[in-house]
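Please read this briefing with the sequence and the 3D structure side by side.

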Amino acid sequence: MIYSKIEGSGSPFVIIHGFLGMSDNWKTLATQFAAEGFEMHLLDMRNHGRSFHSNEFNYDVMVQDVLEYVTEKKIDQFILLGHSMGGKIAMNFACDYPEKIEKLIIADIAPREYQPHHQDVMQALNAVDFSKINSRKHIEEVMQDYVKDYGTLQFLMKNVHRVTPESFGFRFNLEVFNSNDRAIGEALSENKKFAGSTLFLKGDKSKYIQESDLEDIHYHFPNAILEIISNSGHWLHAENPSEFFEKTIQFIN
């Protein structure tokens, strides 16, 4: 079963991170949600964080991972929030198991197909040769040649951990991501729809949700509303956490 961090008590609220992310990315916001009376479940999806590694990596199997998790935890109905790749997992899950979803929140991703566009990040990760590296600083210096944005660099560095006292590694399964770079860009199937209460959140500087996506969003999610998070890009929950929290809580209540 996939790994999770659980905090608080009350109504179950599940959060799914984005590509190359992990449950830790949501720790601060989860504490705030928990204070509002929610039992927070922060998931590490397969091939990410502390969860198992597998050669199977697609939305169908990740939806089943979430189903297995909530079944094991005896969660019948819950609020579901997903960011980016996690948003696609959440969309698919809500369409497949609508009776389980109380409210759906999708952060900065649309149902359409996305072409592979993390080339700089993938180059940076593949440039790291752990057999020749003995410090976190050295890893950061190697990746800096490819990734100029400081925030993205720090986000990637969160995945670096000590495999042995002498060696480092990434928590995620880079090999599988290299061989399957189109999996996370896949569109939501045309026949999938979720009629429940849905909130789409978009970073005002992000290009992930375009004006042209609104028709598609309302086709799949007829009861969706869109809110803009100011002063934020694709990492809207990290760049403007207070507004992200405010708009999410407002929608839930």
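Phe 13 stands opposite Met 40 in strand β3, where helices (H or I, at least four residues) and strands (E, at least two) are DSSP runs numbered from the N terminus. This is a predicted model, in which local features need pLDDT of at least 70 and side-chain atom pairs count only at pLDDT 80 or more, while totals for chains, interfaces and linings use all residues. Residues are numbered from 1 along each chain as its sequence is written, and side-chain values use heavy atoms, with hydrogens and water left out.

**Strand β3 and its partners**

- Strand β2 (residues 11-16) runs parallel to β3 and is joined to it by 6 bridges; two strands count as paired if DSSP finds at least two bridges between them.
- Within this parallel pairing, Ile 15 has Leu 42 of β3 as its bridge partner.
- Strand β1 (residues 4-7) runs antiparallel to β3, with 4 bridges between them, and Ile 6 stands opposite His 41 of β3.
- A right-handed β-α-β unit is made by β2, helix α1 (residues 27-35) and β3; right-handed here means that, with the strands pointing away from the viewer, the path from the first strand over the helix to the second runs clockwise.

**The sheet and the helices on it**

- The open sheet has 7 strands in the order β1-β3-β2-β4-β5-β8-β9, with mixed pairing.
- Because β1 and β9 stand at the edges with a single partner strand each, one side of each is left without a neighbour in the sheet.
- From one strand to the next the twist averages 20°, angles running from 0 to 180 degrees between N-to-C directions and axes being lines fitted to C-alpha atoms, for helices over the stretch in contact.
- Helix α2 (residues 59-72) packs on the sheet and touches β1, β2, β3 and β4 (78-83), its direction making about 140° with that of β3; contact means heavy atoms within 4.5 Å.
- Helix α3 also packs on the sheet, touching β2, β4, β5 and β8, and its direction makes about 140° with that of β4.

**Packing of α1 and α10**

- Helices α1 and α10 pack at an angle of about 40°, and their axes are 11 Å apart.
- The contact involves Leu 29, Gln 32 and Phe 33 of α1 together with Pro 241, Phe 244, Phe 245, Thr 248 and Ile 249 of α10.

**Salt bridges**

- The whole structure holds 8 salt bridges, each defined as a side-chain nitrogen of Lys or Arg within 4 Å of a carboxyl oxygen of Asp or Glu.
- Asp 96 and Lys 192 meet in a salt bridge at 3.1 Å, N to O, which links helix α3 (residues 85-96) to the loop between α7 (174-179) and β8 (198-203), the two residues being 96 apart.
- In that pair, Asp 96 is partly exposed at 33% relative accessibility, whereas Lys 192 is buried at 13%.
- Arg 112 and Asp 213 form a salt bridge at 2.7 Å, N to O; Arg 112 is partly exposed at 26% relative accessibility, and Asp 213 is buried, with a relative accessible area of 3%.
- Glu 227, Glu 243 and Lys 247 are linked in a network of salt bridges, and the closest N and O atoms of Lys 247 and Glu 227 are 3.9 Å apart.

Terms used:
Buried means under 20% relative accessible area, exposed over 50%, partly exposed in between (1.4 Å probe, protein chains only).
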